[in-house]
Amino acid sequence: MTSYSTVDTPIGPFTAVVRDDEVIASGWTGAVDDLVGLIHPTLRPAEVQSRPDLGAVTKAVLRYHDGELDAIEEVAVSQRSGEFIQHAWQVLRTVPAGEPVTYAQFASLAGRPSAVRAAASACARNPVALFVPCHRVLRTDGSIGGFRWGLPAKHWLLDHEKPS
């Protein structure tokens, strides 16, 4: 069964879609339909059921927004794409909070230093925001760049993760 839940955060509503205890889509929206279309067709559920709480996933989201930045690290995710993008998503999970990287640095970390556009594409196609922290990647010139959930949300996340 695939379930979803929405919780309030300082940035606005955050919804996670979970199947078999793995997050398959998430982001700062109150509309689950905004997320279902992002899920790879081989993982996309025919229907999703609303639940008030997703247990460990909901707790991790709330703890992260309350300042426990590592709370999201152990949440399991399931994503599918091409080989490089899937690898890049795994690499994103290793970028520490408070230490954003540029797209060029991210491409290097993913093992393909010349694949800056592919690294940017991995961020843009990430269906599991927060748990795969694409917000931690900046333009090569150090500017903030884009974010599916809006630049105010990305600014908030980066500020939230800055070391004290």
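Modeller: Let's start with a word we will need: a residue is buried when its relative accessible area is under 20%. Keep in mind that this is a predicted model.

Colleague: Thanks! Then why is Phe14 called buried?

Modeller: Phe14 has 1% relative accessibility. The cut-off is under 20%, so Phe14 counts as buried.

Colleague: And what makes Trp28 buried or exposed?

Modeller: For Trp28 the relative accessibility is 9%. That also falls under 20%, so Trp28 counts as buried.

Colleague: How do you know that the rings of Phe14 and Trp28 are a pair, and what kind of pair is it?

Modeller: Two values settle that. Rings pair if their centres lie within 6.5 Å, and those of Phe14 and Trp28 are 4.9 Å apart. Planes over 60 degrees apart count as edge-to-face; here the angle is 70 degrees, so the pair is edge-to-face.

Colleague: Which parts does that pair tie together?

Modeller: Phe14 lies in strand E2, while Trp28 is in the loop between E3 and helix H1 (33-36), so the pair ties together parts 14 residues apart in sequence.

Colleague: What makes Phe14 and Phe131 an aromatic pair?

Modeller: Their centres are 6.2 Å apart, and the limit is within 6.5 Å. With 70 degrees between the planes, this pair is edge-to-face. The pair links distant parts of the chain, 117 residues apart, with Phe131 in the loop between H5 and E6. Phe131 is buried, because its relative accessible area is 2%. Phe14, Trp28 and Phe131 form one aromatic cluster together with Phe147.

Colleague: Why is Asp20 called exposed?

Modeller: Exposed means over 50%, and Asp20 has 59% relative accessibility, so Asp20 counts as exposed. You will find Asp20 in the loop between strand E2 (12-19) and strand E3 (22-27). Its phi is near 50 degrees, a positive value in a residue other than glycine.

Colleague: What is the phi of Leu130, and is Leu130 buried or exposed?

Modeller: Leu130 has a positive phi of about 80 degrees, although it is not a glycine. Its relative accessible area is 0%, so Leu130 is buried. Leu130 lies in the loop between helix H5 (116-124) and strand E6 (137-138).

Colleague: One more: how do you know that the charged end of Arg112 sits over the ring of Phe84?

Modeller: The distance to the ring centre must be within 6 Å, and the direction within 35 degrees of the ring normal. The charged end of Arg112 is 4.5 Å from the centre of the Phe84 ring and counts as sitting over that ring.

How values were computed: Residues are numbered from 1 along each chain as its sequence is written. This is a predicted model: local features need pLDDT of at least 70, side-chain atom pairs count only at pLDDT 80 or more; totals for chains, interfaces and linings use all residues. Side-chain values use heavy atoms; hydrogens and water are left out. Helices (H or I, at least four residues) and strands (E, at least two) are DSSP runs, numbered from the N terminus. Buried means under 20% relative accessible area, exposed over 50%, partly exposed in between (1.4 Å probe, protein chains only). Rings of Phe, Tyr and Trp (its six-membered ring) pair if their centres lie within 6.5 Å; planes under 30 degrees apart count as stacked, over 60 as edge-to-face and the rest as tilted.
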